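Here is a short briefing for a first look at this structure. Start with the sequence and the model below.

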Amino acid sequence: MTDRDTGAALKASSPRKAWNLFYSAGSLIFNLFSPSVDEKLTRSRREICEGCALTDPEDRRLYRKIKGEAYACGVPFFKKMLRDPKREGCGCYLNLKWKKRFTGCPNGLW
Ligand code: SF4
């Protein structure tokens with residue numbers, strides 16, 4: 001039985017939670033301040049997310065519309081700061097993340 005089966009990853013220790021918070025906050029800072037990529041790469045990343053079938057522990061797709069044409073990877077970061085980015089999504093605002101150079105999918109899909 002794996003961590004995924006037991007949900008043990010969500011009952012993470014304090015150091016693990018601190019790391020997750022650090023990772024998520026760091027990703028957010030990179031999103032805000034890194035330079036932009038060209039439209040072709042932005043579109044390519046978007047297409048990967050649109051086709052992403054990964055789900056969170058509640059079996060909801062990580063790729064989700066949050067409002068209007070705004071999309072996020074999992075529950076938006078500010079609604080849940082302590083998380084396992086691989087299993088629950090990074091919480092990033094994807095419309096911004098797709099355009100930024102020093103960003104990436106928490107599951108390595110782009
Ligand atoms: S960033 Fe990665 S895990 Fe999140 S929705 Fe896009 S492809 Fe899926």
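The largest nonpolar core has 11 residues, among them Leu 28, Cys 49, Leu 62, Tyr 63, Cys 73 and Trp 98. A nonpolar core is a set of buried Ala, Val, Leu, Ile, Met, Phe, Trp, Tyr and Cys residues joined through C-beta atoms within 7 Å. Buried means that 20 or more other C-beta atoms lie within 10 Å of a residue's own; exposed means 12 or fewer, and partly exposed lies in between, with C-beta atoms placed from the backbone. This is a predicted model: local features need pLDDT of at least 70, side-chain atom pairs count only at pLDDT 80 or more, and totals for chains, interfaces and linings use all residues. Residues are numbered from 1 along each chain as its sequence is written.

**Core and contacts**
- Buried residues make up 25% of the 110 residues in the chain.
- Leu 62 touches Cys 52, Leu 54, Thr 55, Asp 56, Cys 73, Gly 74 and Gly 89, leaving aside residues up to four places away in sequence. Touching means C-beta atoms, placed from the backbone, within 7 Å.

**Fold**
- The chain has 5 helices and 2 strands. These are DSSP runs, numbered from the N terminus: helices (H or I) of at least four residues, strands (E) of at least two.
- From the N terminus, the order is α-α-α-β-β-α-α.

**Phe 33**
- Phe 33 sits in helix H2 (residues 14-33).
- Phe 33 counts as exposed because it has 9 C-beta neighbours inside 10 Å.
- The C-alpha atoms of Phe 33 and Lys 100 are separated by 8.3 Å, though the two are 67 residues apart along the chain.

Note on methods
Two residues are in contact if their C-beta atoms, placed from the backbone, lie within 7 Å.
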